[in-house]
Each structure stands twice: as structure tokens, then as C-alpha cells.
Amino acid sequence: MARLVMKFGGTSVGSVDRIKNVAAKVKREVEAGNQVAVVVSAMSGETNRLVELCKQVDPVHDQREYDTVVASGEQVTTGLVAMALQSAGVKARSWQGWQVPIRTSAMHGKARIESIEGDAMLKDMAAGVVPVVAGFQGIAPGDRIATLGRGGSDTSAVALAAALQADRCDIYTDVDGVYTADPRIVKKARKLDKITYEEMLELASLGAKVLQTRSVEMAMNHRVRTQVLSSFADVPGTLVVDEDEIVEKQIVSGVTYSADEAKVTLIGVADRPGIAAGIFGPLSDAGINVDMIVQNISEDGKKTDLTFTMGRSDLDRAVQILEKQEKSLGWVKLVPDRNVVKVSVVGVGMRSHAGVAHTMFKALAEKGINILAITTSEIKVSVLISADYTELAVRALHTAFGLDAE
């Protein structure tokens with residue numbers, strides 16, 4: 001007998017028929033002798049509807065009341081799924097975040113899980129009752145409902161799996177696993193049987209939409225074996241596991257891209273100590289995360305050019321902040337650019353293989369794609385390029401690293 005946490009996203013519970021499909025999948029695991037806990041998201045489109053209502057009432061709303069409103073979508077789903085399970089002959093009951101309880105930090109809208117008290121739930125499971133838990137929500141200090149941010153139900157599921165000491169956390173979604181690239185762009189992309197926590201974390205943070213970044217962090221920290229699989233097809237998914245479980249490691253396991261990028265170039269910046277701090281300090285104070293940074297060599301020892309990237313949604317704020325610093329920083333021209341994309345190759349095999357960057361740069365050069373900035377880590381190389389070349393770059397790199405399916 002295994003103990004499983006099964007999480008179903010918004011598309012998986014998007015209609016009554018789909019909710020009945022979820023109940024059938026859960027029933028199958030129960031009949032196989034497994035103890036099962038279920039975590040659900042709001043029905044597809046429901047959270048967006050609730051967010052819009054909050055904006056209509058007050059664009060600058062109280063985040064605590066906002067959480068009260070948007071958390072209600074998951075409450076509806078828990079009740080409907082519990083009903084569907086009962087109708088299918090499976091004992092079930094709904095649990096809201098405050099009932100478990102899932103205790104969070106006080107940062108409403110982006111709360112972090114601090115603890116889960118799962119003893120009562122374990123008693124129910126031992127008695128053959130399936131708990132259906134609201135994802136995305138918990139209880140903050142002051143007994144206020146808190147939400148975990150977009151995609152937070154993934155984090156809820158992994159955290160619950162850790163608290164219940166589950167054998168596996170299954171994340172059911174509208175894709176049937178993790179691919180070597182976005183199959184909508186690369187027709188020869190392959191589904192991976194297994195991928196390491198580190199690789200999945202890099203892919204998630206670099207643009208892959210399969211799992212929320214924080215859920216992968218939690219799975220890695222607590223060593224929760226996690227499986228990504230489809231709600232709509234009975235096929236094996238992709239296991240996210242410790243590196244020790246993967247015998248033969250690929251040099252590169254995946255190619256991904258992030259379109260949520262913007263670039264700023266400051267031309268003619270004074271080349272003297274303290275200038276970089278003067279540029280990036282105010283951006284940091286405003287909560288703007290800077291990613292890639294490239295500084296040209298100063299020819300005369302007086303002026304240089306500095307390029308850096310950030311999230312596209314932060315570009316306008318960044319430009320406003322920098323323009324206020326124009327006199328003190330002494331730059332000649334500020335050039336913002338939204339038409340950029342970050343393309344990355346990821347793989348734990350990079351640790352023991354040289355030449356990954358060379359292969360990447362050569363493949364892009366052969367397609368006439370200019371590199372605007374570069375950043376690396378132990379298991380990834382990322383480049384910034386013009387957004388016009390996104391699909392061409394992803395396909396070229398997928399082929400160059402031997403990832404194409406036969």
C-alpha cells in the first residue's frame with residue numbers, strides 16, 4: 001500500500017464531467033489499496049473572474065480581503081470533488097486550508113507555507129476517507145485566509161505530501177509530462193521518463209510552465225518524489241526525482257525560453273567606482289530583480305556601456321527610477337527594449353562535460369542569431385536574443401544537443 005497525494009489543476013476540474021473523471025482516477029487508486037489525499041485548484045477561469053471582481057470594486061484593494069475572495073474558487077471545487085467521490089462510492093470530505101490547518105506567513109497574495117498539521121487528516125485516511133484539500137490557500141497570523149500566489153496549488157500539494165510523508169505526489173495537468181522542449185514549437189521534442197529536481201527547478205524558473213518554481217523547491221528540499229502526468233490520457237508521466245535515481249545523465253535535458261524579459265542599455269555611463277551600486281541599488285529597493293548584466297570595456301577609462309535585463313512587467317518602473325538618477329549617474333542615453341527573449345539549455349550532465357557553451361553559441365551563429373547577453377550556472381547556460389528568433393533558436397539548440405526524437 002502506498003500513500004499518495006493527487007493534485008488536479010484548473011483544467012482538470014473545469015467542468016462537472018471533468019470532475020467526475022477526477023473522481024474515477026482517485027477511485028482507481030483507492031481500489032488498488034492506496035491511501036489517497038487530493039488537492040484541487042479552482043475550476044479553470046474562476047480565479048481570473050474573482051480577481052477581476054476585486055479590481056472592479058477597488059483597484060487598490062485590501063490584500064487580506066482579496067485573499068478571502070480569490071480563495072473561494074478552491075472551496076467550491078473541494079465540495080464538488082468530494083460529492084463526486086461519494087457518488088462513486090468512495091468515502092470523502094472536503095478540507096479548507098484553515099481546517100487542516102495549513103499555516104502561512106502574513107504576506108497576503110504571496111504567502112509562504114510555514115507548517116502543516118496533518119494528524120487529523122492521517123486519521124481520516126487510515127479510516128478509508130479521502131481528504132479533498134483546497135490548494136492555493138492557508139491561514140495567516142490573525143486567523144486570516146491567505147493565498148500562495150499563482151500556481152500555488154502545486155506548492156500546496158507538495159507541502160502536503162511532505163507533511164503526510166507520502167510516497168509520491170502526482171500533479172495532474174493538461175500535459176502528459178515534462179518534454180525536452182515545448183512540443184508546440186519543437187515537433188521532435190521527447191517526453192522525459194525522469195528529470196532531476198535541479199533540472200526541473202531551472203526549467204521552471206526559466207520559463208517552463210509545467211510546475212510552479214516554489215513547488216519544485218519544496219519537493220527538492222523535502223525529497224518528495226513528484227510525478228507530472230495528464231488528467232486526460234492514461235499514460236505514464238515524468239518523475240521528478242533525486243539525481244541518484246537517474247543512472248544515465250544527459251548532457252542537456254531540455255531547452256526552454258522565457259518571453260517575460262526586457263533589456264535596458266545605459267550608454268556612456270561614467271566608469272568609476274560606485275556607479276554600479278548607484279544603478280542597481282535603487283532598482284533593488286523597488287523590488288526589481290535584475291538578471292543578466294553585461295558591461296563593455298571602457299576604451300578611454302572614462303565612459304562605458306552597461307546592459308541588464310529584468311522582468312518585462314518591471315521595465316516601465318525601472319526606466320522611471322533610472323531617469324531620476326540621470327544627473328548623478330551621468331549616462332548619455334537610456335535604451336529600453338521589450339523585444340527580447342531568454343533561451344536556456346539545462347542539464348546536470350554539464351557538470352562533467354566541457355563544451356556546452358561552445359555548442360550553443362555555434363548553433364546560434366549558424367542560424368545568424370546574435371547573442372545580446374549570457375549568464376550561466378553549474379547546470380544551465382542562458383542567452384538573451386531578439387524575440388524574433390525565439391522558435392528558430394529553440395529548434396536549433398534542440399537539434400544541436402541531440403534531443404530530437406527519431
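Val158, Ile171, Tyr197, Leu211, Ser215, Val216, Ala219, Thr226 and Val240 line the largest cavity. A cavity is a set of points on a 1 Å grid over the protein atoms alone where a 1.4 Å probe fits but cannot get out, and lining residues have an atom within 4 Å of a point. This is a predicted model, in which local features need pLDDT of at least 70, side-chain atom pairs count only at pLDDT 80 or more, and totals for chains, interfaces and linings use all residues. Residues are numbered from 1 along each chain as its sequence is written, and side-chain values use heavy atoms, with hydrogens and water left out.

**Cavity**
- The structure has 1 cavity of 30 Å³ or more.
- The lining has 7 nonpolar, 2 polar and no charged residues; Ala, Val, Leu, Ile, Met, Phe, Trp, Tyr, Cys and Pro count as nonpolar, Asp, Glu, Lys and Arg as charged, and the others, Gly among them, as polar.

**Helix 3**
- Tyr66, Asp67 and Val70 of helix 3 (residues 63-70) are buried, that is, under 20% relative accessible area with a 1.4 Å probe, protein chains only.
- Seen down the axis of helix 3, these buried residues fall within an arc of 100°, so they line one face of the helix; the arc is that of the directions from the helix axis to the C-beta atoms.
- At the start of helix 3, a side-chain oxygen of Asp62 comes to within 2.8 Å of the backbone nitrogen of Arg64.

Conventions: On a 1 Å grid over the protein atoms alone, a cavity is a set of points where a 1.4 Å probe fits but cannot get out, and a pocket is an open set with protein on both sides within 12 Å along at least five of seven lines; lining residues have an atom within 4 Å of a point. Grid points are joined across faces, edges and corners, and a volume is the space filled by probe spheres set on the points. Buried means under 20% relative accessible area, exposed over 50%, partly exposed in between (1.4 Å probe, protein chains only). Helices (H or I, at least four residues) and strands (E, at least two) are DSSP runs, numbered from the N terminus. A polar contact is a pair of N or O atoms within 3.5 Å; within protein, one must be able to donate a hydrogen and the other to accept it, and residues adjacent in sequence count only if both atoms are side-chain atoms.
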